[in-house]
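Have the viewer open as you read.

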Amino acid sequence: MRAPGRVNLIGEHTDYSEGLALPCAIDRDTLVLAAPRGDRRVRACSLEQERGAELDLDALARRGEWGDYVAGAAFALEAAGHRLAGAELLVTSRVPLGAGLSSSAALGVAAALVLSRLAGHALTPRAIAEAAHAGESGFVGVGCGILDPFASALGRRDHALFIDCRDRSVELAPLGAGRVALLVAHSGVTRSLAGAGYRERVAECARAFAAARAAGIAAPGARTLRDLGPAQLPALAAALEPVLFRRARHVIGENARVVAFRAAVAAGALADAGALLRETQASLRDDYAVSVPELDRLCALGDAAPGCHGSRLTGAGFGGCTLHLVDPAAADEVARTLRAGFLASHGRQPEVWLVRPADGASVA
Ligand code: GLA
């Protein structure tokens, strides 16, 4: 079984406000080999982790270890009525860990797929994604949105996914294979503060919306920042404390940029698409405050390189990776520019990968 990581093209920090996002699965997978057991224990070991994990399906508990993602998937599947059986699992991942490319969602999706199949349940990719999300968000307690597991489970080769995180609908958005390439550069900054910073942003969005509602700015029936638009920004600026206003302005602008980006790519207007990525980066840096100097530097290097349409951080931020939308013929040169420029300013070479939009999780 395999489940890929993902790169989010645009629509960052919108999913938990029920907004829009445009990720794709990438050609870097987590792989799981599995054998059934006769009991209700799951033993998992990973080629990348020193410690293995052992779970009892009748007493699943969070332990603060990588095995929690397997336990979370199992917990969610059983809670949804799919009784599971014990298994021996061997896990290995080509999704870089802690880089913001969703190695954890890939593990959760792979675990949901393998455990459900071993128990004889043929679940849809959407049901697998929902189980992985419920596991990571609820059981592991990350509190994240649906972006990552949906991308990992539902991805399609050479396509991005246009996800509406309110009704959870997913539309395929062709990515113009041959006309654009995706470069991902790892800043090398580990996302140690990501957990706390992420939860803080989630809470700030909820507070921003509550304040907007209290001020009578949100329409009756509105539920999240998703329900506010650019026309309400002046009223929000007057009513919200400055930090909450900036968070709301990011989410409102970002939802609009997802729609514009999708249209630009479909029309082959790659310069426009690149400009939207640069706008997103500015918004993530200035309004949402999730960038770090290393990510800003990689984006500036990319944006100055011939053949690069636009750059931004991808994923939650606080470290991890940048994404660069590039002309395929220029990809090698842009990658060289990123490595050399970052080496000059930071004394080390970032890892740079050319990633290709890939199919979502599968059994083979
Ligand atoms: C992380 C979360 C996602 C999403 C992104 C930011 O990857 O897991 O749900 O919120 O950050 O867009």
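Helix α1 is mostly covered, with 10 of its 13 residues buried (under 20% relative accessible area with a 1.4 Å probe, protein chains only; exposed is over 50% and partly exposed lies in between). Keep in mind that this is a predicted model, where local features need pLDDT of at least 70, side-chain atom pairs count only at pLDDT 80 or more, and totals for chains, interfaces and linings use all residues. Residues are numbered from 1 along each chain as its sequence is written, and side-chain values use heavy atoms, leaving out hydrogens and water.

Helices here are DSSP runs of H or I, at least four residues, and strands are runs of E, at least two, numbered from the N terminus. Among the buried residues of α1 are G67, Y69, V70 and L77.

| Partner of α1 | Residues |
|---|---|
| β3 | 41-46 |
| β4 | 53-56 |
| β5 | 87-93 |
| α2 | 103-118 |
| α3 | 125-139 |

Just after α1, G81 has a positive phi of about 95°.

Zooming out, the protein has 10 helices and 11 strands. Its C-alpha trace spans about 60 × 50 × 35 Å along the principal axes, and 55% of the 364 residues count as buried. As for contacts between residues at least 6 apart in sequence, 71% join residues at least 24 apart.

Notes: Contact means heavy atoms within 4.5 Å.
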